Amino acid sequence: MPWLMLAVWIGLVVGGYSLSGKLDSVTRDGQADYLPASAQSTKVLQAEAELPGGENGLLMVVYERPGGLQSGDREAVVRGQTELVERFGNDTDALPEIVDSDDGTAMMYALPLDRDAVAEEAGATADARALLDARPSGLNAYVTGPSALGADMDEVFDAVDATLMLATAVVVALLLILTYRSPVLWLVPLASVGVAAITSMGVVYALTQIFGFTITSMSSALLIVLVFGAGTDYALLLVSRYREELHRHARPIDAMLAAMRGAGPAILASAATVVAGLLCLLAADLNSISSLGPVGAAGIGSALLVMLTLFPALLVLLGRRVFWPFVPRLGGEAHKPRSGWARLGELVARRRVVSWAVPLVILGGLALGTVGASGSLPQLDQFARSTPESVTGAKLIEARYPDDSGQPLTVMSPPDQSREVLTAVEGTTGVAQAEIGRASDEWVEISVIPADSPDSAGETATIKRLREQVHQVAGDAVLVGGPSAERLDEAETNASDRNLVMPLILLVVLAILGLLLRAIVAPLVLVATVVVSYFGALGLCNLLFDRVLGFSGLESSVPLIGFLFLVALGVDYNIFLMTRVREEAARHGTVEGTKRGLAVTGGVITSAGVVLAATFAVLASLPLVMLVEIGILVAVGVLIDTLLVRSIVVPALTMSLGSRIWWPSKLSRTSEDSVDDRA
């Protein structure tokens with residue numbers, strides 16, 4: 001049977017490898033792929049594509065000589081401008097206006113892009129930068145603007161998957177070596193998780209072809225981390241139980257079957273909890289969030305399938321010798337009765353109230369760090385560690401042209417109402433300039449320049465006022481979009497998605513826990529501890545991002561993604577603990593069962609938590625603030641949950657409540673618990 005399972009998986013990997021390699025070809029990172037379909041800014045992007053020339057693109061070119069412009073600099077700027085206009089097929093008889101800065105150190109101009117150039121933003125931006133290399137010494141040139149920012153973002157995303165896969169594999173390998181202290185054993189879970197990662201990418205590609213949902217680079221990166229983290233956790237839990245059973249069974253296959261019966265239900269329940277939580281994201285309106293649901297669910301499903309089929313088969317085929325030099329012997333001791341976890345259980349039993357009250361007060365204090373949290377992350381501050389040319393150029397424009405740094409907005413109006421709409425736009429407070437641009441039979445484009453700089457409170461207020469003004473003129477027929485409006489729509493949609501999806505995740509997790517533990521009180525206690533752990537981690541990380549790392553805000557999707565992973569994965573460890581506690585409580589009573597369950601599972605669950613935290617922490621090595629924030633938040637939250645909440649708070653609450661925690665199941669009425677409680 002193990003040989004057959006191995007042969008099946010070899011066939012699946014060979015057949016599915018080509019599918020996994022195609023995942024990059026369907027990954028999209030355009031604004032429309034992140035925005036909700038119902039947002040005004042999304043509809044503006046669709047309307048722009050119908051105008052002559054297609055979707056509008058824009059490069060901004062800014063030159064600077066810090067000590068002041070010199071003679072010959074203007075000729076170089078005009079020469080470079082002419083070459084760019086010829087390269088992108090614009091009218092060379094009407095060159096864009098060159099604007100001088102007030103301090104005489106800079107010149108800038110705007111360069112519209114046609115449909116073909118917009119479709120190849122990266123190539124157009126690279127070509128523009130290459131053409132501007134020929135310039136006088138000491139004269140700096142920067143290509144920026146919405147199209148250049150998009151190209152630099154795409155370049156970062158292109159390198160994410162390969163870097164993340166390698167870094168995650170190295171981190172997991174090191175942790176497995178430290179955990180098992182075996183020269184061979186660590187290779188088995190690592191190889192199995194690698195198969196799960198390849199399988200998941202092939203499955204996700206197939207799902208995109210069948211259902212047509214969007215997959216972004218963010219969801220692709222989280223898929224890799226999730227599969228490696230969850231798959232390694234399942235391996236650690238199964239190996240721990242398998243090692244126990246090898247002390248009781250002579251044949252490895254019998255020990256594995258017993259281990260699967262013991263650990264399998266908890267692993268299945270854990271995976272079901274995470275999958276159910278991920279699928280709750282389908283209720284979100286934001287494309288990038290809703291698509292993460294099926295992507296993550298496919299990853300967890302692939303990890304579960306591999307770790308419950310291929311991984312056990314490999315362990316059985318390799319036999320006891322795979323544990324060398326710590327080979328479990330038949331009839332030997334599976335666990336030391338006075339382990340550190342057993343002593344912790346005794347300590348918590350003697351100080352039950354203190355053990356849960358003090359940590360909860362500490363977590364409540366950390367949660368206060370969410371008060372006054374910064375707003376959504378500005379566009380120019382999305383890159384970590386290195387600053388691309390587009391950001392440098394945009395910040396230079398803000399500094400040298402404070403009155404002209406507004407980022408264009410786009411108003412799309414029906415042709416028969418365009419004049420009235422233009423008048424309303426020009427009369428809106430905060431609008432510096434507005435003019436009619438391209439037109440088609442269905443739409444007229446009005447380009448609007450706000451007086452305030454991008455991502456400022458003033459610009460946000462202007463967008464909201466502008467939408468109210470034009471709505472009074474033409475109702476829902478007129479649309480307001482553009483890069484700043486897109487970020488506003490994304491932030492507002494994230495807020496509404498949090499209000500909908502977070503309670504939905506809690507309800508789903510409660511239902512699964514109730515079915516698994518056959519109780520009402522225990523699920524409520526477990527979910528409450530995980531929620532407190534989440535807010536404590538969020539408050540701590542908000543202070544860390546603001547005061548230590550110097551980030552300009554919390555990316556708007558981070559709280560929801562962090563909540564999903566910390567609640568679903570945090571409940572996972574409580575499932576592993578409490579299913580064992582329930583098993584022991586049926587024989588020894590709740591208090592003694594809790595101590596025994598903690599002694600048996602404490603080491604392996606803590607190892608699993610550390611591995612998962614380290615896996616997500618790998619995201620902090622990437623050059624995007626959004627992924628850095630997600631990685632740090634989940635890593636910190638998992639460590640808090642694993643080392644504090646699951647190890648101390650949950651056992652303390654369980655022993656304080658005694659048999660009442662299993663209410664209304666039959667276990668809540670056992671006399672053993674009453675004896676234990678009196679003792």
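1. Helices here are DSSP runs of H or I with at least four residues, strands are E runs of at least two, and both are numbered from the N terminus. On that basis the chain has 25 helices and eight strands.

2. Some housekeeping: this is a predicted model, where local features need pLDDT of at least 70, side-chain atom pairs count only at pLDDT 80 or more, and totals for chains, interfaces and linings use all residues. Residues are numbered from 1 along each chain as its sequence is written, and side-chain values use heavy atoms, with hydrogens and water left out.

3. Overall dimensions: the C-alpha atoms fill a box of roughly 90 × 50 × 50 Å along the principal axes. Of the 679 residues, 55% count as buried (under 20% relative accessible area; exposed is over 50%, partly exposed in between, with a 1.4 Å probe and protein chains only).

4. Contacts (heavy atoms within 4.5 Å): of those between residues at least 6 apart in sequence, 80% join residues at least 24 apart.

5. L643 sits in helix α24, residues 625-657. With a relative accessible area of 45%, L643 is partly exposed. Leaving aside residues up to four places away in sequence, L643 touches T606 and I648. A221 is 422 residues from L643 in sequence and 26 Å away in space, C-alpha to C-alpha.
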